Amino acid sequence: MGDNSCPNEIGLIEACFYSPDMSESIIPPEVRPKPAVPAKPPHVVAPSPTAPHGPQGLGGLGGGMGYGGVADRAPGSGHLGGGSTLLGYIGIDTIIEQMRKKTMKAGFDFNIMIVGQSGLGKSTLVNTLFKSQVSRWSSAWGSEFKLPKTVEIKAVSHVIEEGGVKMKLTVIDTPGFGDQINNENCWEPISKYINEQYEKFLKEEVNIARKKRIPDTRVHCCLYFISPTGHSLRQLDIEFMKHLSRMVNIVPVIAKSDTMTPDEKNEFKQRVRKELEVCGIEFYPQKEFDDDMEDKNENDKIREAMPFAVVGSDKEYQVNGKRVLGRKTAWGVIEVENPNHCEFALLRDFLIRTHLQDLKEITHNIHYETYRAKRLNENGGLHPISANDTQESNL
């Protein structure tokens, strides 16, 4: 056959892919999948602005969709690990608001113990701290109450609300402490009470059917009142803080500091700090619990100011056209919240406004954990909890 027509199907196929004018067959290109664009490693430097094309982006696009570029970041977007950025708002930051709502619904517990001799103004100071009648004199007991001959523990609870935040405040008083002729081992009832609260919390934790929210009666803070003698600590003061500093957060305060001159007050504070250091007594906030440099710097200032020289009063007076809490004397009014008159404002801000949550965390993570580990390591551990005990604890 002289023409180029294909005689059969095979010849047709050959004629379609072969031409006498071409030296070789035409092979159709192989279709291959497009390779995936690898993520930009964190150590790769971004290309210079003079590059012909922008940085490699998502889906092979250049320019504004690149990884890690400042111009590519959407407003409000966050960061991923390895230097990448989120390309849109997710809402991770709302977890703070979620936690706030749940915490406000549950409320707070704060248990403060006051220890010191009679007549140092312990109840008055606590009333001044919380601007409420929360002491034993105004709640559980009457003014005719007689101080006991031995140390007793009295706890009074109140619910205080401010700005929608509810806090169950428990004030634990220790009448009779240091008032006897023989005060040997007078701290033992206090130590026993603190350990009993740890034991109560531990038993609730190990129950098989435990409560969703365990009532917290543990002592979060112990205010120890030092007499304003201007000389030195008593042996009772040293022994008490030495025995209890490892089981509770102790905050020493100098009571009725208006009985001393400013120079006497400063000298007495330095002497007290020196004695505590020599005796190896660590008060709150302890240096070993500082989390970072910011905490250390803040707590160093507090440690230098302690023990706080305070004055308490629940009476108001008119000073320069304002009503202030204070103590009236022959030469004027000592304003409780005036930092030039005393350090009550420092104590209040420290206890309530900056370190209240930290006091609770140190109590749970350090003091309670120390007790729990010791208790569980004892021979026999915890006593078996009977069904009756479980029923009573869940009532």
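**Notebook: sheet, loops and a charged patch**

I looked up the bridge partner of glutamate 162 and found valine 165, in β3. The model is predicted: local features need pLDDT of at least 70, side-chain atom pairs count only at pLDDT 80 or more, and totals for chains, interfaces and linings use all residues. Residues are numbered from 1 along each chain as its sequence is written, and side-chain values use heavy atoms, with hydrogens and water left out.

**Sheet.** I took helices (H or I, at least four residues) and strands (E, at least two) as DSSP runs, numbered from the N terminus. I counted two strands as paired if DSSP finds at least two bridges between them. I then read off an open sheet of 6 strands, ordered β2-β3-β1-β4-β5-β6, with mixed pairing. Its edge strands are β2 (154-162) and β6 (308-309), each of which pairs on one side only. I noted 9 bridges between β2 and β3 (residues 165-173), in the antiparallel sense.

**Backbone.** Most residues other than glycine have a negative phi, and most peptide bonds are trans. I checked for exceptions. The bond from tyrosine 284 to proline 285 is cis, with omega near 0°; proline 285 lies in the loop between α6 and α7. Methionine 306 and proline 307 are also joined by a cis peptide bond, with omega about -5°, and proline 307 sits in the loop between α7 and β6.

For accessibility I used these classes: buried is under 20% relative accessible area, exposed is over 50%, and partly exposed is in between (1.4 Å probe, protein chains only). Lysine 131, in the loop between α3 (122-130) and β2, has a positive phi of about 50°. Lysine 131 counts as exposed because its relative accessibility is 57%. Asparagine 185, in the loop between β3 and α4 (188-206), has phi near 60°. Asparagine 185 counts as partly exposed, at 32%.

I found isoleucine 238 in helix α5 (residues 235-244); its 9% relative accessibility makes it buried. Isoleucine 238 and isoleucine 281 are 43 residues apart in sequence and 8.1 Å apart in space, C-alpha to C-alpha.

**Patch.** I listed Asp291, Asp292, Glu294, Glu298 and Glu361 as a negative surface patch. Patch residues have over 30% relative accessible area and no salt bridge, with like charges joined within 9 Å. A salt bridge is a side-chain nitrogen of Lys or Arg within 4 Å of a carboxyl oxygen of Asp or Glu. Aspartate 292 is in the loop between α6 (262-278) and α7 (293-305) and is partly exposed, at 39% relative accessible area.

Note on methods:
Patch = residues over 30% accessible without salt bridge, like charges linked within 9 Å, V, L, I, M, F, W, Y side chains within 5 Å. Areas by Shrake-Rupley, 256 points an atom, 1.4 Å probe, with all protein chains shown as cover. Lys, Arg positive; Asp, Glu negative; His and termini not counted. Charge placed at Lys NZ, Arg CZ, Asp CG, Glu CD.
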